[in-house]
Structure formats: C-alpha cells, structure tokens
Amino acid sequence: MHRILIVEDEEIIRAALRKLLQHNGYEVAVAESVEGATGEYDLNAFDLIISDLRLPGEAGTSLIGHAPGVPVLIMTSYASLRSAVDSMKKGAVEYIAKPFDHDEMLSAVEGILAQNIGQPDSDTADAGESGVNSGDPAEIMYGECSAMERVFTLIRKVAPTETTVLIQGESGTGKELAARALHLLSPRANHPLISVNCAAIPESLIESELFGHEKGAFTGAVSGRTGLIEAADGGSLFLDEIGELPPEAQARLLRVLQEGEIRKVGSTQSRQVDVRMIAATHRNLKAMTRTGEFREDLYYRLNVMQIRIPPLRERQGDVLGLSRRFLARQADRMNKPGLSLSPEAMKAMERHRWPGNVRELENAIERASILADGDVITPDQLDLDIETGDDYAIPSSLVEGDNEQTPPPSRESDGGSDLSLEDYFQHFVLENQDRMSETELAQKLGISRKSLWERRQRLGIPRKKS
C-alpha cells in the first residue's frame with residue numbers, strides 16, 4: 001500500500017483530501033506545516049508528499065529539499081499559478097490548482113506513483129514488476145469496446161516518439177487522461193507534464209503565462225516570471241482547449257513548434273526549450289482555419305498525429321462497465337457497500353445518449369447514490385431524460401420546491417427554436433446565480449464545480465461576488 005503525506009494548514013481541505021485518498025486504498029498521514037511534518041515523520045518513508053504551496057512558516061516547496069527522494073505534488077490556487085511554475089523548477093513533480101475535483105486529484109496521484117513505481121512500496125517488494133500503474137492507457141482510462149481499444153493501440157504506438165499529438169473529442173470524454181498516458185509511456189515520463197487549460201486563462205494573461213515575462217514588461221510585472229512552456233522543459237506540455245488561444249499566442253506557439261525556442265514577454269532574447277507538445281480540443285480546428293479563427297500553419301504543425309476520443313454514445317458496451325466502477329467508488333466514499341443498479345436503471349443508462357459523456361455518467365451515479373434510500377438505484381434517482389438526451393436535464397429531485405425556480409426554456413417550449421447547450425447553460429446561470437452557490441449551480445446542471453468555472457471563463461460569465 002502506498003503511503004502519502006498531506007501537508008495542509010486548512011483543516012477542511014486536509015480532512016477531505018485524507019478521506020478521499022484513504023477511500024481509494026492509500027495509507028495517509030497529515031501535518032499542518034513543514035515543521036510539523038519534519039518533526040513528526042520520517043519523510044523518506046512516504047511514496048508521495050502532497051503539500052499546499054503557502055503554509056505557516058516554511059513554504060511547501062521546502063519539502064523538496066527535506067525529502068529529496070520523495071516526489072512532491074504542490075497544491076496552489078489559480079492566483080498563485082506562476083508560483084507553481086517556480087515550484088516545478090525547484091523540483092516538484094507536478095502541481096494541481098485549487099479548487100480541484102476528486103478525479104483530477106486521483107489522476108495526478110496515480111500518475112506520479114506510476115512514474116516512481118520502480119521504488120518498492122512498503123508492503124510488496126516486487127510491486128515494480130507487477131505492472132500496476134505502468135502508465136498503460138488501459139490502466140489510466142477505462143474502455144473495453146473496439147473504439148477505445150483502437151485509441152489505446154494508437155497511444156501505445158505514438159507515445160514513445162517525439163511526435164506532436166492532437167487529441168480531439170467532446171467535453172467529458174477523457175482527453176486529459178489520454179495526454180497523461182502519452183506522457184507516462186514516453187521517454188519523458190520522469191520529467192514534468194504541465195497541463196494548461198487555454199480557456200481558463202484570461203486572454204490578456206495567456207502569453208505571459210505560457211512564455212513568461214521580464215520585470216517591467218507590463219503594468220504589475222514587478223519581477224520576472226518563468227512561463228509554463230519553460231517549466232515543461234525536458235517534459236511534455238498539454239494544451240487543453242487549444243482552439244481558444246488568441247491569435248498572438250498562436251503565432252508565438254508556432255515558433256516554439258518550428259524552432260524549439262521561446263521569448264519572454266518584454267525580452268529581446270530567445271532561449272531553446274525541449275518540449276513535447278500535446279494539444280486537445282472539442283472544436284473543429286480545420287473549420288476554424290477557414291474562418292480565420294485558427295492559424296492554418298499552426299493547425300498542420302499540431303495535427304501530425306491525431307487521436308480521437310469517441311463520445312460515450314459511441315461506446316455503448318462501456319456504459320455499464322464505467323457505471324460499475326463509479327458505483328464502487330461512490331459506495332466506498334459513502335460507506336454503502338451494497339449499492340447496485342436495478343435492471344430498469346441499467347436499461348435507462350444504455351438508452352441515454354450521454355451528451356456530457358463520461359463526466360455526465362459519473363455525476364449521474366454520484367447524484368443517484370446520494371438520493372438512493374436503500375441499496376438499489378432506480379431510474380427515477382438517475383433522473384435521465386431518454387427522449388431529449390442531447391439537452392441538459394435539471395434533475396427534478398434536486399429542485400428545491402415547485403415555485404422556487406423556473407427552469408430554462410426547453411426546445412419544446414421555445415416554439416422549436418434551436419437552443420444550444422451553451423445557450424442553455426448561460427441562461428440558467430444568469431437566472432439563478434444571485435440566489436444559488438456555485439456548488440448548487442453545478443449540482444443542478446449535472447456538472448462539476450471545475451466544469452462550471454471553465455464554462456464561465458469560456459462564455460465570459462463573471463462569478464457574482466457575495
């Protein structure tokens with residue numbers, strides 16, 4: 001069993017992360033500060049240290065020096081993302097931005113432990129030979145259908161090369177997991193994988209975040225900063241939602257791909273970087289080149305090898321398998337070991353089109369697990385709309401009273417107008433954000449808080465301040 005140390009001064013986060021990791025089979029210890037961690041534990045006895053960046057006393061990055069043989073994962077808020085880049089340069093194996101969802105944290109932990117599998121864990125000296133956490137895509141992603149087997153085969157073939165990869169797929173299909181598998185199976189696995197959501201960074205900051213900047217390059221640049229591309233030097237850079245990059249950043253990125261060099265904002269000097277580029281998008285980049293939204297030369301530079309992650313509606317054989325995995329995870333989290341799906345619920349899940357893909361399926365299982373009165377989940381608790389599976393369905397079981405909320409207009413009630421999913425999302429958030437918390441909004445939309453934040457950024461819907 002792998003041993004993990006959590007160093008976090010906020011009790012709520014510390015307790016929640018401890019519970020999450022314990023429920024997923026890890027042995028966990030906790031500390032509130034670097035001084036507490038070094039005074040109470042032998043840090044070299046752990047397989048992984050997860051630490052907040054900002055702690056009372058010494059910073060979390062100092063743990064890298066206290067335990068040079070143990071990988072350190074740094075947690076940081078988005079506001080201190082640049083400090084996280086500095087953490088990578090100091091030796092942190094990865095960073096994760098707060099707030100993070102459970103799957104994001106578990107995926108990061110599994111990836112780090114997979115890279116360090118050569119060190120035997122505390123219980124089994126031959127763990128490195130067992131093949132567990134080898135980085136193989138079939139262990140990182142689930143899929144038994146022929147479409148996913150083709151994806152796994154392609155990942156295994158292209159991962160050992162230096163080829164640039166473009167991952168295409170709808171939101172919620174697991175593009176970031178595919179990128180992680182590509183990195184872990186590559187010769188760069190012992191170097192950092194830097195993941196960047198291009199849609200989540202304000203357009204005015206994207207160039208500074210990617211390429212870094214010099215002191216005085218712009219108002220507020222009181223010191224020079226290392227960019228995310230430079231932080232990935234020697235490793236891999238995963239650019240999610242690359243279709244959202246503004247034109248100026250596209251031109252700069254093209255130079256990185258062509259010449260292997262970057263120039264910080266405000267600098268006249270370039271420097272060489274050795275980075276393997278992995279990009280992902282849910283948009284049609286080729287169509288965007290015809291409208292001028294995306295550079296054609298950049299598209300062809302990125303599209304050397306394309307991996308398409310199929311939507312869940314094309315993976316009917318995987319729906320029940322994924323459901324069982326998510327259900328087992330929820331049963332552990334909620335201490336309900338007997339949780340199961342009724343035959344009717346399984347039929348409903350097989351008939352649903354899953355417009356939100358794997359993420360929607362996981363949310364449906366989590367929601368039903370909470371609502372289930374006994375051990376058997378019924379179709380009513382899943383609350384899937386079979387007839388209009390391409391639309392968001394606000395779960396009626398989560399609406400707080402019949403008169404408290406007016407749902408957004410459906411396609412049927414709108415006289416047949418074609419209301420897109422983004423229109424639906426925007427309408428619902430604007431109508432309800434004044435009286436609902438972010439958690440409540442996410443629950444009623446059937447998405448995670450992270451997805452809610454990402455869509456706010458992409459659609460330009462600012463979060464209301466309380």
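Glutamate 362 is buried, with 15% relative accessible area (buried means under 20%, exposed over 50%, and partly exposed in between, using a 1.4 Å probe and protein chains only). The model is predicted, so that local features need pLDDT of at least 70 and side-chain atom pairs count only at pLDDT 80 or more, while totals for chains, interfaces and linings use all residues. Residues are numbered from 1 along each chain as its sequence is written, and side-chain values use heavy atoms, with hydrogens and water left out.

**Salt bridges overall**
- The whole structure holds 15 salt bridges, each being a side-chain nitrogen of Lys or Arg within 4 Å of a carboxyl oxygen of Asp or Glu.

**Arginine 329 and glutamate 362**
- In this salt bridge the closest N and O atoms are 3.5 Å apart, and the pair links helix α14 (residues 316-334) with helix α16 (residues 357-371), its members lying 33 residues apart; helices are DSSP runs of H or I with at least four residues, strands are runs of E with at least two, and both are numbered from the N terminus.
- Arginine 329 is partly exposed at 24%.

**Arginine 188 and glutamate 162**
- Their side chains meet in a salt bridge at 2.5 Å, N to O.
- Because arginine 188 lies in the loop between α8 (175-184) and β7 (193-197) and glutamate 162 in the loop between α7 (146-158) and β6 (165-168), the pair ties together parts that are 26 residues apart in sequence.
- Arginine 188 is buried at 6% relative accessibility, whereas glutamate 162 is partly exposed at 47%.
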